[in-house]
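Reader: I have a new structure on my screen and would like to learn how to read it. Could you walk me through it with me asking as we go?

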Amino acid sequence: MSVSSSTRELDARSRAGRKNEVALVPMTIGACLGLAAGSFCGGSLQSIYPYVAGRLATSSDHALWTLTYFLIHWALGIALMPWFARKLGFKRLFLASMVMLAIGAGMGILSHSLMTMLVARGVQGISSGLLVPLVQTLLLRHFPKRHHTLATALWSNSMLVPFFFGPAFGGWLAVNYDWIDLFWLVIPFALLAFVLIRVSLPEDRPTAPPPPFDLVGLALLWLGLIALQIVLNQGEQFGWFGSPFIQRYTVAAILLLGCFIIWELTSEAPLLELRFVTNRNFGFGLLLLCLGWSIFVGWSSILPLWTEVDLGYNGWWGGVLLIPLALTAIPVASAMGRIARHVSLRMLAALCFLLFAIAFAMAVYNPEIGLAATVPSELLQGIAVGMLFVPLTMIILSEIPADDLAAASTTSNFIRLASDIVGVTMLQTLWQRHTESVAALTRSAMSESLVRQALAHARQDGMSHAQTMAMIAGRLQLDASTWSLDDALRLSAWICLGAAAVSLVVLKKPRPQGG
């Protein structure tokens, strides 16, 4: 009887194991599909800002706000995830995120003004931000430990692939159909992910109550970020700090974010553990990660805008411009876990920024040559993007105690994503201001004889005076924007070269037992 009973018990365990193994497949598909849908929401508009501006009756510069507002709330979602996971459990939080993502997409479909679209992008951003650490946790919890490398690769590629290829698909859809169909596509994928997780993931309701929610910290952080966003988005329009409007919002942003920092450092249950920033490797490693990522996101937003507004390409080509980045970034990112075992992390971080510097220095953006000239530098930049996360993340967490790794990871991810809005806005402002300066200098340097000669040639070709002047003005604007773009690229190269030096000189060698 004992042998028979043991056999039945082993059979039952075997059937249960096979059942769990089968459930792992729909769970993985659902989790990765949900994360990909959120990432697609963030990246798919990057190449079609002129089309977005047309629907919302605003300018292309203001349409760029749809990215920065998404990034702010994406960062907030990451900060909120740990508490809500302890309150709701991972399964219910994932399901709520999918419903929220579908609602945000529906709000975007119904939006016909910039303000309502920004609200929709905020909802999409929070739900997408919740999914970033949530899906990573789900995969690592349910995959066997020997397959954690596979789980991490699935998680990272679920974010990167839609981010890189979404702009090209969004451009194709905007050219051939309607760009708002991007949001229609998100809804069925979010609902499919909802169903897959609903049927495959067991209930995991928390047994212990979560700590008190840091409502004061959240209010200070959200209001401070919104004030900062207003300053960055509208500073150029109002003349920056010469405007009382910008001055008031600058003071509000400084006071609110300053109070948030003080509150978090003194709170018993803070929303973010800012005390880790005083650690040398955490603080400087995070600074370098924010620098590299914000410069990359800034360029990936500006280049499609230059391609479409100044060169006259459609949204499809503006999105295709980013595909070479994916061709090298995704395989390099997938291999970095193995490479980091054999190469110094500081050396990898320095090499990453050195490659960024070389890519920016060799970049050629010339209207006469065409977009093909941008491919070599983008392929090299993609290698640098693929190298960015693994060494710096391991350095950032290298001296954090094991019990604090989750809180430190949440804090670093929030700060990294929040820094994107500064990088995107500052790079765009630098480009716009320098373009205006170059255009003014070029106009003042043009001689009257040269203008008269151009007018005479145009009359011979049958062009009117107004057409000729418009042609000259358009060419001046194109040359000025391109020269300014080149100058900004060279500045980015020098910044990345300095970051490579900081990686070697300032960062400490991580301890063997570190994160």
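Author: Gladly. Let us begin with residue classes: Ala, Val, Leu, Ile, Met, Phe, Trp, Tyr, Cys and Pro count as nonpolar, Asp, Glu, Lys and Arg as charged, and the others, Gly among them, as polar. This is a predicted model, in which local features need pLDDT of at least 70 and side-chain atom pairs count only at pLDDT 80 or more, while totals for chains, interfaces and linings use all residues. Residues are numbered from 1 along each chain as its sequence is written, and side-chain values use heavy atoms, with hydrogens and water left out.

Reader: Which classes of residue make up the lining of the second largest pocket?

Author: A pocket is found on a 1 Å grid over the protein atoms alone, as an open set of points with protein on both sides within 12 Å along at least five of seven lines; lining residues have an atom within 4 Å of a point. In the second largest pocket, the lining has 14 nonpolar residues, one polar and no charged. Leu-257, Ile-261, Phe-414, Ile-415 and Ala-418 lie nearest the centre, out of 15 lining residues. The elements giving two or more residues to this lining are α9 (215-238), α10 (244-266) and α16 (405-445), and α16 gives the most, with six. Such helices are DSSP runs (H or I, at least four residues), numbered from the N terminus.

Reader: How much space lies in the second largest pocket?

Author: A volume is the space filled by probe spheres set on the grid points, which are joined across faces, edges and corners. For this pocket that gives about 390 Å³.

Reader: And how many cavities of 30 Å³ or more does the structure hold?

Author: A cavity is a set of grid points where a 1.4 Å probe fits but cannot get out. The structure holds two of 30 Å³ or more. About 40 Å³ of space lies in the largest, and its lining includes Trp-299, Ser-300 and Glu-378. Helix α11 gives the most to that lining, with three residues. The second largest cavity has about 30 Å³ of space, and among its lining residues are Ser-39, Phe-70 and Trp-74. There α4 (65-88) gives the most, with four residues, and no charged residue takes part in the lining.

Reader: At what angle do α11 and α15 pack?

Author: Axes are lines fitted to C-alpha atoms, for helices over the stretch in contact, and angles run from 0 to 180 degrees between N-to-C directions. Helix α11 (residues 280-309) and helix α15 (residues 375-396) pack at about 155°, with axes 9 Å apart. Angles under 35 degrees count as roughly parallel, over 145 as roughly antiparallel, 65 to 115 as roughly perpendicular and the rest as oblique. So α11 and α15 are roughly antiparallel to each other. Contact means heavy atoms within 4.5 Å; the residues in contact here include Trp-293 and Phe-296 of α11 and Leu-388 and Phe-389 of α15. They divide into 13 nonpolar, five polar and one charged.

Reader: How do α4 and α5 cross?

Author: The axes of α4 and helix α5 (residues 90-110) come within 7 Å and cross at roughly 120°, which makes α4 oblique to α5. In α4, Met-81, Phe-84, Ala-85, Lys-87 and Leu-88 meet Phe-90, Arg-92 and Leu-93 in α5. By class, that contact has six nonpolar, no polar and two charged residues.
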